[in-house]
Amino acid sequence: MSKPKVAFYWCAACGGCEEAVVDLNEAILGVVNAVDIVFWPVALDFKRTDVEAMPDKSIAVCFINGAIRNSEQFEMVELLRRKSQLVVAFGSCAHLGGVPGLGNLFGRDALTATAYHDVPSIANGSNVKPVEESKTPEGTLSLPKLWNTVKSLEQTIDVDYYLPGCPPPVKLIVGAVEAILAGKLPAKGATLAPDIALCDECSRKDTKPEKLTVTKFHRPHEIVIDDEKCLLAQGLLCLGPVTRKGCEGACTSVNMPCTGCMGPTSRVEDFGAKALSAIASIIEAKTDDEIVAVLDKIVDPAGTFYRYSLPASLLHRRREPQSEGVHKS
Amino acid sequence: MSAEMSTNGAPKVGVYVCHCGINIAHTVDVNACTAFAASLPYVTVAREYKFMCSDPGQEIIQQDLRDGKINRVVVASCSPLMHEGTFRKATAVGGGNAFMFQMANIREHVSWVTLDKEMATDKAKALIAAAVSRVVHHAPLVRNRVPVHPDVMIVGGGIAGIHAALTMADAGKKVYLVEREPTIGGHMAKFDKTFPTLDCSACILTPKMSAVRSHPNITLWTYSEVAEVSGFVGNFKVKVRRKPRYVKEDQCVGCLDCIDACIYKTAKVPDEFNVGLSKRKPIYVPFPQATPLVAVIDPETCIEFKTHRCKKSCAEVCQKDAIDFTQTEQIAEVEVGSIILATGFKTFDATRIARYGYGKYANVYTSLEVERMVNAAGPTAGEVKLADGSKPKSVAIVHCVGSRDAHTNRYCSRVCCMYSLKLAHLLKERTEAEVYNFYIDMRTPGKGYEEFYDRLLQENVHFVRGRVAEISDWAMEKQEEGKLTIRVEDTLVGVVRRIPVDMVVLSVGLEPQADADDVRRKFNISCSHEGWFLERHPKLAPVSTFTDGVFLAGACQGPKDIPDSVAQAGAAAAEALALIDRGYVELEPNTAYSREELCSSCHTCVALCPYGAITFDTTKHAAVVNGALCKGCGTCVASCPSGALQQNLFTDEQIFEEIKGVLKYV
Amino acid sequence: MSDSTTPQNFEPRIVAFFCNWCTYTAADLAGTARMKYAANVRVIRTMCSGRFDPQFVFAAFREGADAVLLGGCHPGDCHYMEGNYKALRRFFLMRRFLESMGIERDRIRLEWIAASEGDKVQRTINDMTAAVRALGPLSMEKRALLHSADLSAAIDKPESRPAATKGGAA
Amino acid sequence: MKYLYYPGCSMKSTGKPYEESMLAVFSALNQGLEELVDWNCCGATAYMSISELKAFALSARNFALAEQQAVNGETNLIVPCAACYLGLNKAQKNLEEHKDIRAIIDKGLASAGLSYTGRFKVRHPLDVLVNDIGLETIQKRSIRPLAGLKVACYYGCQLVRPYAEFDDAHEPMVMDRLVTALGGTPVPWPLKTRCCGGSLTGTIPEVGLRLSYILLREAQQRGCDVIATACPLCQFNLECYQPKVSKMYKERIDIPILFFSQLMGLAFGLDRRPLGLHRLFVPFDRTFPVAAAEGGAHVG
Amino acid sequence: MEQWHGWDKVSYESDLDHQFADEITSIPGGEKLFSCIQCGTCSGMCPLSTYMDFTPRQIVAMIRAGFRGEVLSSYTTWLCASCYSCTVACPQEIKITEIMYAAKRIALRDGVHPKRFPAQVLAGEFFDGVQRTGRSNEGPLLFRLFLKTKPLKMLGYAGLGLGLFRRGRISAKIESIKRKGELRTLLKTIENEHWVRRSPRSEHKETTK
C-alpha cells in the first residue's frame, strides 16, 4: 500500500518553520521513509497546477506555516484545504498570526508607505508603490492583493490541529508526525503541545520566591542576569507564566525571557490580555504615579504582550477610523 | 463546563419576571421581557408575577422545580443585595441547588433610574439575557459552615455601648467593652437633665455604669483603643491597645488621696470632662462617679514625667501602692464572634462660624458648656454665670449651629431643637432671665416632644423663627451697649430685629468623631459622605453593616438622641445574640479554588492574597487555596496567567457568558 | 435600539463591571433614591474590582460594547483591602495597550464610587454616555470570528456591526 | 517687572490719593508696577444691573489686553479698587464656570481681534503686599513706625465677598496685620466688612449716609484716630459726607479716612504730597518720629 | 353710617407668573433658588434690609411663588448695595445678590421698576458713559445724575463738588480709551448673540436619555 501523502506550505512567515522541519536531522529520514511528500515548494519542485490536479482529500496531512495576508496565500490554503484530509497550522504565525500579525497595528496603507517610502534607507523619489496589475509591453503583470488585515490560518480555513512555537520545537513536531502516522490523534482542534505554562518545565522554577513581586522592570541588556534565578523575579519581563510549555525553556535557559511564542493554555482566551493582567498584578506600587512609573518601563505593550498573537486576539487588529473604512469600501 | 452541567442534567432555565407592584411594571414592559426570555436558549419556563418575593411568588418557582420543568432559576426583580437570599432559599426548597440561581436587577438598576419606557425595557431584556446565559454554566455548590465565637466586643462606652453590653451580658454572653476615655459614660454623663422628661441624667445613667463595672460577664477596658482587627464574622481577632494610666487598676480603691496629695496644690490643667470650664490636676478622676473610679496620671502635665524630680507625694500617700510610673502600653488580643460599634459623635466646633463670635466674646457658649454649667455636679455647681460672675438677665439660644448649612454640615443634627428647649427651660428655671430661641424649623418628632415644646411656649420663653445672622458687640442704641446683639430676621413677622442679650448659647450640631474614618477602616465598613458609619440598609438593616458580624449602635451611625441610641443598642445586641445563638455562619461559597494539576507554579497569585489564603505547596508543585481563609474577591483568579485558578460563582466562563448575554440580543 | 446610529440618536451600549460592596451598592442607592440617568450602561457584578480581567473588557468590545466602565471602592476602602489597587494597575497597563489599538480613552473608564455615592453613579454614567455617544460606535465586534465565507467583506473594510457603524462614519 | 496694574476709573479721579500713595509705596519697596495700556471700565456693579454679558465682555477685554502686554510672563493683575477687583474676579469666575458665556465672550473678543485664556490672576494690593512681599520686608522698611496710632481697619464688602480670595469673608485680618507691621495699633471692631453705603450715598442719601454714619460713629466711639480703607468708594463715602452726616444726626463726626497705602507711606517716611495727603477733606497731620532702634519698626 | 373699606387680600393663581422663577433660575448664579429654606439669614445679614419693602428672604419666596409684578416693582432690589453678605452666609449657597441683579435687569428691561429711586438712572447713565468712552467719568456722571434727579438739591452738593474739584479728585474732563472701535465691535457682537439659558428645573424635567 502507498505511503501517506504529506504537503508543506509557506505563507506569511520568516522561513524559520521550514528550517525547523530540516532541524529534525536524522529523524527526517524516518519521516521521509514513512511518508510521501507531494508538495513542498521550498524543497521540491512541484507547481500549483500539480496540486490542483490532485483529487480532493488525496493528501493525508498538510502542514501550513505562516499567517494569511494576501490573496495568493488565501487561494493556496483554500486549495490545500480541499485536497487534504488534515490541515495542521504549523508555527506561531499560522497558529495565532505570529510576528507578521503585528501588521494589524497599522493596516495596509501605512505598511506599504513605510516599506516603500518612509524608511530612510529607501530612495523612492517617484513614490512607486506595488499595484495589483501593471501593463507592460510584454503584457499585463499581476501581483497578489495585499490584505489590510493579517489573519491566522484558522481565520481563513478550517484547521484540524495546531503546532505552536516559533518555530515549533522539534520534539513536538516528531510527536505530532508519529501521532499522525500511528493514527493516535487527539480530538479535532487540539493544540499538539502540553496544556501547562512554561514555568512548569523551567530550569529556574524552584528559585521563585514564595511571593513573586516586581518593583522595577529591566530589559535584558540593562542588568547582569543571574543564570539560576527566576527571570521575572529579577525584573525581566518573562511571559513564561502565561505561555504553553513544550519548548523546554529554549530561551529562558539562555537568560532570555520568554516572549510567548507557544501561545496561551487552553484556559486562556486572549494571551496578551492575560499576560498583561498577570504582569500588572505583581508590581509593587499603589499610587497612580508609582504605578505609571513602573509600567512605563514596559515599552510598547502591544508588541510585548501580543508579539505572536494579535490576529488571534479578541480585538484582532487596530481599530481604523470609520472614515477610512468608508473610502476603502 | 459540560462536567458542571452534567451534574444537574441538561440546563432547563426558568425565568421569572417580577412587576414589584408597579415599581418595575410602570417603566419596564414586563410581558415583553417575559416573552423575550421565553425565546432564549435553554429557557423552558418564563413567567411574570406581581410580587415574586411573596410566598405565592416563590411557590411558583418551587412548583416548576418539583415538576422537573426547570433545573436553573433566573429571577428578574430587585437588587440581589435585597432578595438574592430569598430566592436562593426558594430554589433550594424547591429541590434545586441554591446556587443554580441568578438574579437580574431590573428595579434599582432599571425601572427606578430610567424615564424612557422603551429603553428601560431593552435594558431589562439585556440583563435578563445576561443572567440566563450565565446561569446555564452555574454549578451546584455547598455553603461552608464555620462556628461563631460566643464572645462579643463592644467599642465605645457611652450610653449605647453600655446598654448593648448589659443586654449581651445579661443574656450570658462574655462582653469586652472598650472605651478610649478613662471612664465610661460618654456624653450622657455630662448632661444635667434629659428631655423631654427632665429626669436627671446621672440618676438614670450611673446605676447602669456601675452595673457594667460589677457584671461578671463584662470585661471593661477603659483608656483603651482598638488597634487592629482581623478575621471575619464569627471569628474576629481584635488587638486592643491599653494606654498606661500609671495607676494600677486592680489596686486603686478610688479614695482619691493621691489627688489631694499631688504637689500641685491648685488644679492648673483644663478639665476635659468639663470642656475646659474648670481645671484639674495632673493626677485626676474625670468626675466623681467615673467608672472605673480609678485615678489617671496625665504624663503631659505631671512633673515626674517632665523632670523625673518630683517627690511623688501621690505615690507616698497611696496605701495600696497603686501608683506605678513604670506602666507601659499593653496590647491585649482577644477573639470574638461579633463586634458592636458604639463610638458616638463629637460636637461641632463653633469657632468655624466666625459671625457667632465664639472664642471672641466671653459670653458666647456652646450648648455642651452650658450643659456642664447647669449641672449641679458641674464646674459652677449648677449656677449659670457670665464671665464676670454675674447672672445673665437675657439669654439667646441659637439653633442649627453647624447644621443645615452647606458651609458646615448639610444635615439636621436632630437633637438640637429638643436639647435647646431643655436648656431654655433650665436657664429660665435657674436665672429667670429672658430666654430667646432662634430656630429655622422647630423639629420635635418623638414621644412627648411636641408636648414639651408646648410646655416651653407656656413658660414664656421667646421663640423667633429665623436663623441668627450675626452676634456682635456694637451698639446701635443705649440698651445695646455692653451687650451682645443678635441680628436676625423674624421671618414670621418679616422684620429684621436686633436683640441685645447678656449670654448666647450656640446649639452646636453633632459630627462624626474626628477619627471615624480610621475606625471604620479598621473594621472594614463604609461611611456616608458626612462620615457617619453606613448601615447595611437604611430601613431593613439599620444596625447591620456591609461587613457581617459588625453592628452599629448609637450616634456613630448618625445623630441620635438617648432613647433612639438605647433602642438601637438593644437592636444591635439582639442581632449579635441571634448570630451567636445560631452558633455558626454559612459562608458564601464564592471562594477561589486551584486546579492544582494545571498550575505551572509561577507564584503570581501567592503575593496577591491579602488574607494569606494562597500558599505554594512544594510537594504538589502547585498553589493551593485555603477555602476557610479565602473571602472570595477573585483577585488571584483575574491574575492567574494560565487559568488554573477559578472562583465559584464567578468563573471566567460564567463572566464571559454574562458578557455575551448582556450584549447579544439588545 | 442600536440601529439608529447618527451621532445624535446613536445609543451606545456600555458594559460596566461594578464591585459588590461599593459601586454596585451605590448604583442600588441611586435606584432607591430614584435618580434618573442614561439607560445605556449594563452592569455586571463582581465581588471586587480585583476580579477585573482585561480579557473581560476586550470580550465586551468584541461582543459589541461601545465602551466599558469599571467601578470599585475608593483607594483604602476596598472591602478586600487591596483588590482595587490590583485593578488600578491592570487598568493603567491595559489603557496603554488600547491606545495603540486606536481605541479612544473615553471608551474605558475606571471610577472609584463609594457605597454612599449614588449621585456619582448618576453623574459618571451620564457623562460617559454623552462622551461615547459623541465618539460614535466602536464596532470592534466579532472580527476575529470571521471565516472564509465573509472574507471578501472582511479583508478590506474594517468589519463592523451591521447598521451601527455607518452613522459613526459621518 | 512682576505685576501689571489695572487702575480702574475711580483711581483716576476721586481715588487719586489712593493711586498716588500706592504707586509711591510700591516703588519704595522697589516693586515697579506697569499700568495696563488702554484699559477700560471693569463693568462694575451698576453696569451689571443692565447687561451682565456686556459687563463680562468689558472685563474680558482687560484680561485680553493684559495677556497681550505680558511679554515677561506676568500673570498677576493688581487691582486696588474693590469694585473693579470684584468685577474682574466675577467675570473670570463666570467665564470659567459657564461654557455658554465663555463661548459668546470669545466670539466677541475674536471679532475685535482679541483673545482670552484666563491665565491672569486678579490680585488686590493688600494681598500682594502681605503674601508676596511679606510683612517682614514692610516692617523693615517702616523707619517711622506709626507708634500709638489707633487704626480702625475697614475692608468694606467687595474686597472679601463673595470670593474671599485671600482672607475671611467676615473676619479679614490682612490689613490689621499690615498696620501692626507698620507699628500702628489695629482696634478690634465688628464692622470691618459692613457696607459703607456704596453708590446709595449718591442715589438714596437718606439710606446710604446712614450706613456711613454707623461705621463712622462706631470707629469714633472705639477711640480710633483714623479709619484705614482699601477702596476708593469707601474712602469717598466715609470722608466726604462727614459734614452732612454730622448735620443729619446732630452728632460731631470728625475722623480722618486714609487709604492703607497712605499710612504705609507715612511709616516709610515718604513725603506727604506724593502720598496725596493734601487731597483729603478731613486733614491728617500727625507725623511720626524715626524709630530709635536701627531697622526701625517695632512690632505693636 | 360708616362703611367697611377692606380689600380682598387673596392672590389668585391667575395673578401669578410661574415662568418668572424659571427666568430667574436660568441666570448664572440663580440655579439654587429653589433650595431656599426661608431661614432669613440673608435678611439678617443684609445691612439694608431694614429699609426694604420686602426682605431678601421674602423676595426669594415671592419669586418662587410667581409674584412677578410685586418683585419687579419693589424697592428692595434697588436698595441692594451688592455687598454680598447674604450670598456668603446663605446656608443653601443661593447667590441672592445675583438674583437681585437679575430682578433689576428684568425690571429695567420691562420698564416696571419703581420710579422714585434714581438708582436705575445712575445705572443707565453709567451704562451710556461706558458705551461711549470705555470708562466711567465720575465727575460728569454725578453732575448729570443730579441734573436728572434732583436739580434743587444740587446746591446742597455744590460745596462737595467744588471741594473735590479743588483737591483734584474730580474733573469735568472726559477720560476715554484710545481703541474705542475695538470696544464697540466687541460689544456689538455680544449684543447680537441671542443668549438663552435654561433653568435647572426645566433641565430636570427631561433627564438625559
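Analyst: The dialogue below treats an interface, two chain summaries and some individual residues. This is a predicted model, in which local features need pLDDT of at least 70 and side-chain atom pairs count only at pLDDT 80 or more, while totals for chains, interfaces and linings use all residues. Residues are numbered from 1 along each chain as its sequence is written, chains are lettered from A and ligands numbered from 1 in the order in which they are written, and side-chain values use heavy atoms, with hydrogens and water left out.

User: Which chains share the most contacts?

Analyst: Contact means heavy atoms within 4.5 Å. There are 7 pairs of chains in contact, and chains D and E share the most contacts among them. On this interface, 70 residues of chain D meet 60 residues of chain E. By contrast, chain C and chain D do not touch, with 16 Å between their nearest C-alpha atoms. Chain A and chain E do not touch either; for them the corresponding distance is 25 Å.

User: How is the area buried between chain D and chain E to be read?

Analyst: Buried area is the accessible area (1.4 Å probe) that two parts lose on being put together, summed over both. For chain D and chain E the value is about 6,000 Å², and carbon and sulfur atoms give 64% of that area.

User: How many salt bridges and polar contacts are counted between chain D and chain E?

Analyst: A salt bridge is a side-chain nitrogen of Lys or Arg within 4 Å of a carboxyl oxygen of Asp or Glu. A polar contact is a pair of N or O atoms within 3.5 Å; within protein, one must be able to donate a hydrogen and the other to accept it, and residues adjacent in sequence count only if both atoms are side-chain atoms. Between chain D and chain E there are 5 salt bridges. Arg61(D) and Glu182(E) form a salt bridge, with their closest N and O atoms 2.7 Å apart.

User: Which elements of chain D supply the side that touches chain E?

Analyst: Helices (H or I, at least four residues) and strands (E, at least two) are DSSP runs, numbered from the N terminus. Several helices of chain D each supply at least two residues of that side, including α1 (16-28), α3 (52-69), α4 (82-97) and α9 (205-221). By class, this side of chain D has 34 nonpolar residues (Ala, Val, Leu, Ile, Met, Phe, Trp, Tyr, Cys and Pro), 16 charged ones (Asp, Glu, Lys and Arg) and 20 polar ones (the others, Gly among them).

User: How are chain C and chain E described as whole chains?

Analyst: Buried means under 20% relative accessible area, exposed over 50%, and partly exposed in between (1.4 Å probe, protein chains only). Accessible areas come from the Shrake-Rupley method with a 1.4 Å probe; for residues, only the protein chains shown count as cover.

Chain C has 6 helices and 4 strands, in the order β-α-β-α-β-α-β-α-α-α along the sequence. Of its 170 residues, 72% are buried, and the accessible surface of chain C is about 4,700 Å², 55% of it from carbon and sulfur atoms.

Chain E has 12 helices and 0 strands. Of the 209 residues in chain E, 52% are buried. Chain E exposes about 10,300 Å², with 60% supplied by carbon and sulfur atoms.

User: Is Ser601(B) buried or exposed?

Analyst: Ser601(B) is buried, at 1% relative accessibility. Its phi is near 55°, a positive value in a residue other than glycine, and Ser601(B) is in the loop between β31 (592-594) and β32 (614-617) of chain B.

User: Which side chain does the side chain of Asn76(D) meet in a polar contact?

Analyst: The partner is the side chain of Arg123(D), at 3.3 Å. Asn76(D) lies in strand β3 (residues 76-78) of chain D and counts as buried at 13% relative accessibility. Leaving aside residues up to four places away in sequence, Asn76(D) touches residues including Tyr3(D), Leu4(D) and Phe120(D).
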